[in-house]
Amino acid sequence: MGTRSLTRVIRKWEDDFGDKRREPFTTMYRQMDGYLEGHGNDLAEFLSQFTVVNGMKLNETRKIANGIDCLAAQMFAHFKDGPGNIYCMHPSAQDCGEEYIYEIEKDGESILITVYDVWNSKEIFHGTPEKLLEETSVSS
């Protein structure tokens with residue numbers, strides 16, 4: 001049996017009343033290797049390459065995503081390599097047998113990842129992809 005995980009990409013905005021809002025707009029389900037040293041490490045390696053921008057230049061040389069929506073699309077393209085294992089789910093998907101939930105969001109100039117251990121009902125990581133890579137390489 002695989003270690004299932006959900007990866008939610010979070011959109012943040014300010015509403016008409018000035019309140020800060022956040023909600024998932026897509027969720028990726030991974031059937032196997034959802035634990036921190038598996039999917040967490042894979043996700044951090046992927047995300048650590050990116051700069052999220054708002055608008056692109058024609059001669060851009062950095063690895064970029066034009067907004068969090070573009071980053072989400074590139075994430076699916078990166079992880080999906082054939083039938084099975086990776087699925088595009090409803091943004092609010094839950095109760096899929098997941099042991100871990102990963103949330104990705106843009107915070108200023110940074111990409112942040114938050115990881116929840118579902119079975120123990122606790123947050124086990126919050127930080128940048130680079131920090132998650134440090135943590136998963138230490139525990140591997």
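Biologist: What is the volume of the largest pocket?

Modeller: The largest pocket comes out at about 220 Å³. A volume here is the space filled by probe spheres set on grid points, with points joined across faces, edges and corners. Quick word on the source: this is a predicted model, where local features need pLDDT of at least 70 and side-chain atom pairs count only at pLDDT 80 or more, while totals for chains, interfaces and linings use all residues. Residues are numbered from 1 along each chain as its sequence is written, and side-chain values use heavy atoms, with hydrogens and water left out.

Biologist: What makes a set of points a pocket?

Modeller: On a 1 Å grid over the protein atoms alone, a pocket is an open set with protein on both sides within 12 Å along at least five of seven lines. Lining residues have an atom within 4 Å of a point. The residues that line the largest pocket include Ile10, Val52, Asp69 and Lys106. Strand 1, strand 3 (51–53), helix 2 (68–79) and strand 6 (100–107) are the elements giving two or more residues to that lining, and strand 1 gives the most, with three. Helices (H or I, at least four residues) and strands (E, at least two) are DSSP runs, numbered from the N terminus.

Biologist: How do you know that strand 1 and strand 2 pair?

Modeller: Two strands pair if DSSP finds at least two bridges between them. Strand 1 (residues 5–14) and strand 2 (residues 20–30) have 10 bridges, in the antiparallel sense, so they meet that rule. Along the way, Arg11 stands opposite Glu23 in strand 2. The two strands form a hairpin with five residues between them, and Gly18 in the turn has a positive phi of about 85 degrees.

Biologist: And what does strand 2 pair with in the antiparallel sense over four bridges?

Modeller: That's strand 5 (residues 86–89). There, Met28 has Cys88 as its bridge partner.

Biologist: Why does Cys70 count as partly exposed?

Modeller: Buried means under 20% relative accessible area, exposed means over 50%, and partly exposed is in between (1.4 Å probe, protein chains only). Cys70 has 26%, so it is partly exposed. Cys96, at 21%, is partly exposed too.

Biologist: What makes Arg30 buried?

Modeller: Its relative accessible area is 8%, so set against that cut-off, Arg30 is buried. Arg30 is found in strand 2.

Biologist: What joins the side chains of Arg30 and His39?

Modeller: A polar contact of 2.8 Å. The term means a pair of N or O atoms within 3.5 Å; within protein, one must be able to donate a hydrogen and the other to accept it, and residues adjacent in sequence count only if both atoms are side-chain atoms. A polar atom of the Arg30 side chain also lies 3.0 Å from the backbone oxygen of Met32.

Biologist: Why does Ala72 count as buried?

Modeller: Ala72 has 5% relative accessibility, so it counts as buried. Ala72 sits in helix 2, with its C-alpha 6.5 Å from that of Val9, though they are 63 residues apart along the chain.

Definitions and conventions. 1 Å grid on protein atoms, 1.4 Å probe; cavity = no way out; pocket = protein on both sides within 12 Å on 5 of 7 lines; lining within 4 Å.
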